[in-house]
Amino acid sequence: MHYAIVDVDVGVALPSVPLRPWQEGLGVLVRRQGRPISFSLHTLPPGALVSPDHLRRLIMDAGEADILAAAIGDEICPPQAALSAVDLTVVICSRGTKQSLERCVGALRALQSAGERFDTLVVQRNPGTAATGGPIVAMSDVRATVAPGPGLASARNRALRTARTEWVAFLDDEVEVDHGWLAGLRSAVTEHDDAAVVTGLALPSELTSKPQIQFERGERHRRGFDRRRLQGPRLPGDALYPFDTSALVTSCNMAYRRHAALALGGFDEALDSGSPLQHATDMDMAFRVLRSGRPLVYEPRMLVFRGHPVTRGALRHDYWGTGSGLGVYLAKTYSTQASERHALRGVAHAFSRRHLRELRRSLDGRASVPPDLTVAQLAGGFSALAKSKAVRNDGRPGS
Amino acid sequence: MRTPAPLRVLHVDLAGAPLAQHVKDSEAFDDPRDLYVVFWWRGLALGHAEIPLALWRSSSALSDLVARTVVPAVRGWLGPADDSLTEGSVLSRLETVCQPTPTVRSRKVSVVICTRDRPQALKRCLESVVRCSPQAAEVIVVDNAPATGVTRALVARYPAITYVAEPVPGLSAARNSGVRKATGEIVAFTDDDVTVHPQWVGWLGQSFENPSVQAVTGLVLPAELETPAQVVFEQVQGGFGGGHRHKTFGPAFFAAGKAKGVPVWRIGAGASMAVRRSAFDAVGLFDVRLGAGAAGCSEDSELWYRLLAEGWTCAYNPAAVVLHYHRETTAELQRQQMAYVRGHLAALFAQFSRYRHWGNLRRALLALPRYYLRRAPAELLRLAHLRQAGRSGGWFSNERAVAAEACLVMPSTYLAELRGYVEGLTLAPHLLAGSYSRSAGRQIKRSRHPHPTAGALPAGGGSD
């Protein structure tokens with residue numbers, strides 16, 4: 001299965017899109033004045049020629065509400081004219097190949113050549129392995145350092161201490177930033193001068209296999225196109241807030257105010273033990289930020305494109321990782337935040353209920369996610385919880 | 001789980017000051033209550049949302065939330081989006097639809113308000129009704145079995161308002177008395193515990209443009225959410241809100257629901273409704289066996305049922321807005337819930353007895369018991385959960401501990417509803433027999449609890 005991806009703006013004449021003979025569909029990213037406002041997937045006959053009219057119908061069928069909402073949003077709060085500059089280091093915690101790293105750095109360079117100014121720092125998490133082709137040689141415009149261990153938290157902490165800027169953005173090496181990425185971060189920082197974290201949107205860079213398309217159809221990655229600011233202990237309509245922040249935090253694409261992150265003690269390196277769990281590290285940090293009373297901001301304009309898992313096995317592993325990350329993080333919070341235990345048990349129940357319902361829906365064929373992925377996520381969560389001493393002993397220290 | 005801590009009701013006109021200004025104004029709020037915000041475009045209520053005060057801080061993030069909230073209503077008012085909607089200003093197009101059309105303003109609307117010894121609430125209501133533009137052709141206050149002369153004295157201060165005394169207690173009897181007195185083509189009803197929006201009369205009138213529409217209801221929003229009981233009623237029990245989009249309930253709606261009991265209660269609320277005068281001639285007046293002061297409530301929905309059963313249509317117009325002052329105390333809320341269930345059951349029996357539509361019995365004797373059985377474990381869990389939440393003192397739990405006491409009203413409300421159900425069952429023989437015998441009336445009057453009210457009458461109406 002292979003889908004083409006097209007990037008259009010509602011204010012500009014729509015193109016006609018010829019599909020290749022092997023392309024069975026189209027992913028459409030819609031923007032309004034550069035701001036992403038909707039992404040939708042459409043199954044089409046292979047090799048079809050999608051005329052501008054047809055494209056418009058597809059867009060309106062899937063995203064009419066999004067487009068109207070964006071127009072109304074701009075009307076009641078016009079976009080800011082002047083954005084303040086951000087004193088920023090972009091940190092790429094790299095575990096991948098040299099190629100992916102170069103693509104990631106290349107997209108950042110394109111921003112710099114468009115006049116944006118920021119530092120770039122590569123933290124290598126596994127310099128010795130053959131896959132990466134040895135340590136990265138520092139480039140003239142990119143600093144490089146080696147992480148103290150394989151864990152993500154320790155690599156990020158190293159970056160927090162190495163960087164000297166007010167903001168530190170963490171990108172995975174598999175992403176490419178959008179041309180509006182930094183403008184998005186700047187508008188978020190201008191608007192929320194007290195924000196401790198800004199997190200952005202991730203969309204697929206390619207849809208070349210069935211698992212990638214399934215990943216994109218899965219609702220859990222849809223963080224939406226609405227800007228959000230989260231602060232304090234309540235979020236109406238979300239029973240899992242502020243404990244399950246996975247719906248709010250895009251691991252591969254977030255920026256921290258460096259002093260705020262350091263004041264909270266940085267990322268928790270204890271979560272690096274065993275298999276490195278990126279998800280647990282990020283949710284733990286987001287929770288601690290919210291718990292400290294600082295706001296967390298979601299800005300979809302801070303957009304990156306990432307390659308989704310290509311094979312079904314990798315996809316299943318990704319879902320398992322999300323579940324087990326949540327489990328590990330909940331177990332940690334359960335043991336460290338004694339006063340929140342009661343609420344956390346409620347979160348675990350709500351999480352199980354949500355996924356069991358999802359499983360029932362996918363068994364009936366009503367959900368976009370196949371049942372084995374939901375099972376993988378639940379199994380990941382439960383296995384992490386079962387392994388946790390703190391939860392088994394109901395949090396009693398020393399027992 | 002939602003926490004029923006008190007909320008500040010805030011009205012934001014998107015056609016007025018920019019959102020950023022409203023955000024700035026909120027800095028002057030003297031307490032940290034969260035917000036229940038209603039978004040308007042001039043006279044049109046486009047949507048509402050509960051927003052924690054901590055999030056009422058950034059206009060860009062808020063603007064997206066507001067836009068998302070109002071999109072369904074905007075689409076409803078403007079029709080399907082065309083290409084031009086994607087560009088330029090969307091909201092300002094509401095300018096052309098945000099007022100009732102002038103031709104309708106001449107339509108003669110009589111407003112009937114039933115009350116009993118609640119001069120302060122009535123005064124607030126009357127002040128809002130007389131400020132309506134276009135105005136009502138006449139306003140009739142029905143004083144229902146009053147114990148004192150306070151209502152008469154209050155109404156005497158408004159020369160344009162007609163005073164009618166109705167000695168027979170009960171909301172249905174009072175409304176019927178208002179209908180007999182009314183001379184307008186359309187009779188609008190509201191209660192003394194609401195204030196109406198200035199365009200309320202105009203919008204209700206407008207909805208009768210369609211000749212098959214015999215009854216119209218409107219949107220009921222909370223006037224205040226100051227007490228746990230009010231928050232629980234609005235958020236946990238769903239309040240009266242009928243949404244922000246037009247709805248039509250016609251023969252198709254009736255046919256679709258007939259087998260399981262037509263959900264006529266979805267049509268709206270008696271606190272904001274209007275009926276064509278001629279419809280009363282066709283299907284009769286309100287059933288005096290139902291309603292506050294008698295079985296409890298549902299006299300309005302039972303009338304809609306008759307209209308639908310005869311092939312007519314009812315409509316819901318979200319522009320006809322009233323603000324309702326919900327019951328303030330837990331005890332009042334429980335009495336009200338008990339009355340709702342008892343009245344609902346009584347209405348089902350009355351509907352069955354008139355039309356032999358078996359769906360009514362099915363709902364009364366199968367669906368409702370099943371619903372209450374299914375709710376039982378959750379209500380027990382809630383009790384256990386809250387007890388624990390009250391003990392733990394976390395950052396997150398703290399918030400809940402404060403609300404725990406308030407939440408406790410939910411299980412006890414459940415018990416009140418169960419009681420209402422059982423009392424409703426005992427009314428069945430009389431309602432199914434087609435007459436409301438004197439003994440049933442006495443039975444209600446003897447009930448240990450004072451009689452709850454669905455709207456106009458104070459607790460105790462009809463019991464003494």
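User: Helices (H or I, at least four residues) and strands (E, at least two) are DSSP runs, numbered from the N terminus. How many helices and strands does chain A have?
Analyst: This is a predicted model, in which local features need pLDDT of at least 70 and side-chain atom pairs count only at pLDDT 80 or more, while totals for chains, interfaces and linings use all residues. Residues are numbered from 1 along each chain as its sequence is written, and chains are lettered from A and ligands numbered from 1 in the order in which they are written. On that basis, the count for chain A is 11 helices and 14 strands.

User: What radius of gyration does chain A have, given what a compact globule of 399 residues would have?
Analyst: The radius of gyration is taken over C-alpha atoms, and the globule rule is 2.2 Å times the number of residues to the power 0.38. The C-alpha atoms of chain A occupy a box of roughly 70 × 55 × 50 Å along the principal axes. For 399 residues a compact globule would come out near 21 Å, which agrees with the value for chain A, 21 Å.

User: Which residues of helix α5 of chain A are buried?
Analyst: A residue is buried if 20 or more other C-beta atoms (placed from the backbone) lie within 10 Å of its own, exposed if 12 or fewer, and partly exposed in between; by this rule 50% of the 399 residues of chain A count as buried. The cover over the buried residues of α5(A) includes β1 (3-9), β4 (35-43), β11 (197-204) and α8 (312-336) of chain A. Within α5 (residues 210-217) of chain A, the buried residues are Pro211(A), Gln212(A), Ile213(A) and Phe215(A).

User: Which helix supplies the largest share of the side of domain 2 of chain B that touches domain 3 of chain B?
Analyst: The bounds, which come from an automatic or database domain assignment, divide chain B into domain 1 (7-96), domain 2 (102-330) and domain 3 (331-446). With contact meaning that two C-beta atoms, placed from the backbone, lie within 7 Å, 26 residues of domain 2 of chain B are in contact with 29 residues of domain 3 of chain B. On the domain 2 side, α8 (228-236) and α11 (299-309) of chain B each supply at least two residues, and the largest share, five residues, comes from α8(B).

User: Is Arg363(B), a charged residue by class, buried or exposed?
Analyst: Arg363(B) belongs to helix α13 (residues 358-391) of chain B. Leaving aside neighbours within four places in sequence, Arg363(B) is in contact with Lys260(B), Gly261(B), Leu348(B) and Leu368(B). Because 22 C-beta neighbours lie inside 10 Å, Arg363(B) counts as buried.
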